[in-house]
Amino acid sequence: MFRLLWIVSVHTRTFMRRYMPSNIVLDRVRTRRGLKWGPVAMLLAIPYVAVAYWLTVLIEAGGPGWLYLFVLACLWSAFKMLWIGPVNLAVLARTRHAESRCRGAVPSPTAGNLPLVRSADVRRSHPDGASR
């Protein structure tokens with residue numbers, strides 16, 4: 001029984017990950033190029049909440065109760081969209097800070113206590129250290 005539940009949950013997660021619009025958007029926003037779109041993705045929570053509200057009105061008017069599953073999925077997606085904005089802004093700030101540190105760093109010739117070797121010295125040297 002436990003194994004069956006585990007397999008069903010794995011397949012459900014795979015299906016949701018691949019085909020749910022909110023998961024597709026979140027995967028795109030989590031890339032380096034998509035980090036700046038986090039606050040814009042927060043706006044996608046509005047349609048999810050609107051659909052959830054519309055479904056609850058439909059259910060209250062005599063619709064089938066299984067539509068509450070879609071209400072739950074819509075509200076879950078709306079909350080995912082709401083939290084991705086602040087999280088992406090924090091990740092973007094951390095990433096830009098790290099990139100600016102890497103850009104600003106100037107490698108020194110003695111970095112790591114390694115001597116600076118010219119390419120001519122490498123080509124003309126023998127294994128025993130004597131040059132030709």
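I take a residue as exposed when its relative accessible area is over 50%. The model I examined is predicted.

**Entry 1, aromatic pairs.** I looked up ring pairs and found three aromatic pairs in the structure. A pair of aromatic rings is described by the distance of the centres and the angle of the planes. For Phe2 and Trp6, I noted ring centres 6.2 Å apart and planes at 40°, so this pair is tilted.

I located both residues in helix 1, which spans residues 2-19. Phe2 and Trp6 are four residues apart, about one turn of that helix. An α-helix has 3.6 residues a turn, so residues three or four places apart point the same way. I then checked accessibility: Phe2 counts as exposed because its relative accessibility is 65%, and Trp6 counts as exposed at 54%.

I recorded the ring centres of Trp66 and Phe70 at 6.0 Å from each other, with the planes at 65°, so the pair is edge-to-face. Trp66 is exposed, its relative accessible area being 52%. Phe70, with 45%, is partly exposed.

Which residues of helix 2 are buried? In this helix, residues 21-29, I listed Ser22, Asn23, Leu26 and Val29 as buried. These four residues lie on the same side of helix 2, because the arc they cover around the axis is only 125°. I next asked what covers the buried residues of helix 2. The cover includes helix 1, helix 3 (38-42), helix 4 (45-60) and helix 5 (68-104).

Notes. Residues are numbered from 1 along each chain as its sequence is written. This is a predicted model: local features need pLDDT of at least 70, side-chain atom pairs count only at pLDDT 80 or more; totals for chains, interfaces and linings use all residues. Side-chain values use heavy atoms; hydrogens and water are left out. Rings of Phe, Tyr and Trp (its six-membered ring) pair if their centres lie within 6.5 Å; planes under 30 degrees apart count as stacked, over 60 as edge-to-face and the rest as tilted. Helices (H or I, at least four residues) and strands (E, at least two) are DSSP runs, numbered from the N terminus. Buried means under 20% relative accessible area, exposed over 50%, partly exposed in between (1.4 Å probe, protein chains only). The arc is that of the directions from the helix axis to the C-beta atoms. Contact means heavy atoms within 4.5 Å.
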